Amino acid sequence: MNRRDTVLALLGLGALPLTSVAQQQGKLWRVGFLSSESRVDSGRYDAFLRGMRDLGYVEGKNLAMDSRFAEGRGEGLSRLAMDLVQSKVDVIVTAGSYAARAAKQATTSIPIVMGAASDPVSSGLVASLARPGGNITGLSLNAVDVSSKHIELVKSVMPKAVHVAVLTNPGIPAHLAIVKNLRAAAQQVGIRILAVDARTADEIERGFSTIKSAGAEAVIVVIDAFFDSQRRQIAELAARNRLPSVFARRQAVEAGGLLSYGPNLDDSYRRAASYVDKILKGTKPGDLPVEQPTKFELAINLRTAKALGLRIPQSLLFRADHVIE
């Protein structure tokens, strides 16, 4: 074995030609990012980039990002997904279930990594969590199991509540399972559930009129990328109608919502970078199991609680990861 072969063997590169090694080291990977949110609202994009940097990917050096944001207009996602396909990116990362579905419909060959999607099995995005198959994998929100915690939060701050509204998006198949789980959890503690559908900003406005006229005492907002993009509108409507609001994301509480409990999406999108890394190194997406969230967070807005005349129990405050005073 000559000196060249010895060095390559030590590097684990076998007898690859030096030109091949140099080309691989100098490769500029093109990664698409598709989100239904706006660039300003999407902290998920920044979290993903942090994850890529941690793995040694630097924009302009070995990474080129090609991003598309639907600015809260889900109907534009199909066109944006096709734009990414036509730009011949190596991988597409999606933010939200709508974006994942649009990407899957746009391509069966380019690998797709879900940064976070509600129940991707029932949504038809993957065959199973353990063996997703096809060209799509990534992370699930585990939103169905988490939803029962939202009933607990309502009862914690409103022990006498008996009628709670749930804002749901009928365009997301997983929301049917979430509402079913919420009804089961609510029935156990004597709460009636009113499900209100909304897919647009106008429908959200009308939905709150329905919620108020029905006499609901609080509102739970099901986790959804569209609702995330409309979190300020939803929080303002809840405050205007003096309705305690429970969300799945901390950012909604920062926007004026009362409580949130759900997966830490920054962590999920940092983890999505490891999927992209494995795929770029040759692993097939269908061979990578879909992961569940590992970090959850509770956020409380004491200013909103004071405005609503609610007292937050000390036991809940002690558990909180974020408290806005």
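User: Where does arginine 242 lie?

Analyst: Helices (H or I, at least four residues) and strands (E, at least two) are DSSP runs, numbered from the N terminus. Arginine 242 is in the loop between helix 10 (231–240) and strand 9 (245–247). Its phi is positive, about 55°, although arginine 242 is not a glycine.

User: What should I know about the model and the numbering?

Analyst: The model is predicted, so local features need pLDDT of at least 70 and side-chain atom pairs count only at pLDDT 80 or more, while totals for chains, interfaces and linings use all residues. Residues are numbered from 1 along each chain as its sequence is written, and side-chain values use heavy atoms, with hydrogens and water left out.

User: Which residues of helix 10 are buried, and what do they pack against?

Analyst: Buried means under 20% relative accessible area, exposed over 50%, and partly exposed in between (1.4 Å probe, protein chains only). In helix 10 the buried residues are Arg231, Gln233, Ile234, Ala235, Leu237 and Ala238. Contact means heavy atoms within 4.5 Å. The buried residues of helix 10 pack against strand 6 (163–168), helix 8 (201–213), strand 8 (218–221), helix 9 (225–229), strand 9 and helix 11 (250–254).

User: Which other residue has a positive phi without being a glycine?

Analyst: Lysine 88 has a phi near 60°. Its place is the loop between helix 4 and strand 3. With a relative accessible area of 67%, lysine 88 is exposed.

User: What is the strand order of the open sheet?

Analyst: Two strands pair if DSSP finds at least two bridges between them. The open sheet has 5 strands in the order 2-1-3-4-5, with parallel pairing. Strand 2 (63–69) and strand 5 (136–140) are the edge strands, each pairing on one side only. For angles, axes are lines fitted to C-alpha atoms, for helices over the stretch in contact, and the values run from 0 to 180 degrees between N-to-C directions. Neighbouring strands of this sheet are turned by 20° against each other on average, direction ignored.

User: How many bridges join strand 1 and strand 2, and how many join strand 3 and strand 4?

Analyst: Strand 1 (residues 29–35) pairs with strand 2 in the parallel sense over 7 bridges; serine 35 has phenylalanine 69 of strand 2 as its bridge partner. Strand 3 and strand 4 also pair in the parallel sense, over 4 bridges, and valine 93 stands opposite valine 113 in strand 4. Strand 4 (residues 112–117) is mostly covered, with 6 of its 6 residues buried.

User: Which strands does helix 3 lie across?

Analyst: Helix 3 (residues 43–54) lies across strand 1, strand 2 and strand 3 (91–95), and runs at about 165° to strand 2. Helix 4 (residues 77–86) packs on the sheet, touching strand 1, strand 2 and strand 3, and its direction makes about 180° with that of strand 1.

User: Why are helix 3 and helix 12 called oblique?

Analyst: Angles under 35 degrees count as roughly parallel, over 145 as roughly antiparallel, 65 to 115 as roughly perpendicular and the rest as oblique. The axes of helix 3 and helix 12 (residues 265–280) cross at roughly 45° and come within 7 Å, so helix 3 and helix 12 are oblique to each other. Residues in the contact include Phe48 and Met52 of helix 3 and Tyr269 and Val276 of helix 12.
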